[in-house]
Amino acid sequence: MSAPRRPLPPAVPVLAPLLAALLLAGALGGCAPAGAGGPVAAVGEEEARAVVAGVVALAAQRTPAAMERVCEENDGCPGMSSGIVHDPLGAPGPERAPRELCTVAVPPTPSQDGSRIVVLEGVDGYGRAYVSQVLVDRAREAEDDEDGLQVQEPGFWLGIRYTALQHGRAWSGLGTGPGQPGADDDLARRACTDTRAWVAEVATRTPDEGATARASREAAAG
């Protein structure tokens, strides 16, 4: 189990505003995915908030079935979020809905005209504070919905932060050492507090330079 994290200052939950945004996005209609010949349309700010609202609301049920839906309706949870089905109580319930710190547009790539990061702050189901960067993409093929939006790594309460986003992707979760969570939280907040520098870093850094790759190399070295 991770070491206890520092208490989170009182904050205004954003689940209700996010759910309202979900209804707004449905009314707006918005951009449909582009054809196979070019990049898919950029993710709008309200669209990103709406998709994240859906994940927050579904995860708040804190059941294995709800977590299965969270994964199925998003990226399939092949990475760090793969364990949320087996530990649904780690998710925050309705009384611990996260608050949004900011949203940040990610520069275009050959396959995406622009994804979007929604930065959330909150307390997980075990009372541990986190700050997490939630990445929203528009899937190239929208099979079950018209907008094709999905969250990458939907286990937002895991404290995920991205270190590379354009030349491949790299990300990490919260550390567990003494004082480490605070440092991780500050790094996750940089998307909001130093947006221009953060975007420049994740746009130019390759996955080999990211924290995920370094951790893999260290584990392989023993």
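Author: Happy to! One term before we start: two strands count as paired if DSSP finds at least two bridges between them. Also keep in mind that this is a predicted model.

Reader: Thanks! So what do S2 and S3 form, and how many residues lie between them?
Author: S2 and S3 make a hairpin, with 5 residues between the two strands. Gly 127 sits in that turn and has a positive phi of about 85°.

Reader: And how many bridges join S2 to S3?
Author: There are 8 bridges between S2, residues 116-123, and S3, residues 129-138, and the two strands run antiparallel. As one example, Gly 122 has Tyr 130 in S3 as its bridge partner.

Reader: What about S1 and S2, how many bridges there?
Author: S1 and S2 pair over 6 bridges, in the antiparallel sense. Arg 99, for instance, is bridged to Glu 121 in S2.

Reader: Zooming out, in what order do the strands of the sheet come?
Author: The order is S1-S2-S3-S4, with 4 strands in an open sheet and antiparallel pairing. S1 (99-105) and S4 (149-152) are at the edges with a single partner strand each, so one side of each has no neighbour in the sheet. On average, neighbouring strands are turned by 25° against each other, direction ignored.

Reader: Which strands does H5 touch?
Author: Helix H5, residues 195-204, packs on the sheet and touches S1, S2 and S3. The direction of H5 makes about 55° with that of S1.

Reader: Nice. Changing topic: at what angle do H2 and H3 pack?
Author: Helix H2 (residues 45-59) and helix H3 (residues 64-72) pack at about 160°, and their axes are 9 Å apart. Angles over 145 degrees count as roughly antiparallel, so that is how H2 and H3 lie to each other. Their crossing is left-handed.

Reader: Which residues meet there?
Author: From H2, Val 55, Leu 58 and Ala 59 meet Ala 66, Met 67, Arg 69 and Val 70 of H3. By class, this contact has 6 nonpolar, no polar and 1 charged residues.

Terms used:
Residues numbered from 1 in each chain as written. Predicted model: local features only at pLDDT ≥ 70, side-chain atom pairs only at ≥ 80, totals over all residues. Heavy atoms only, no water. Axes fitted to C-alpha atoms, helices over the stretch in contact; angles between N-to-C directions. Parallel < 35°, antiparallel > 145°, perpendicular 65-115°, else oblique. Left-handed = near helix turned anticlockwise from the far one by under 90°. Contact = heavy atoms within 4.5 Å. Nonpolar A, V, L, I, M, F, W, Y, C, P; charged D, E, K, R; others polar.
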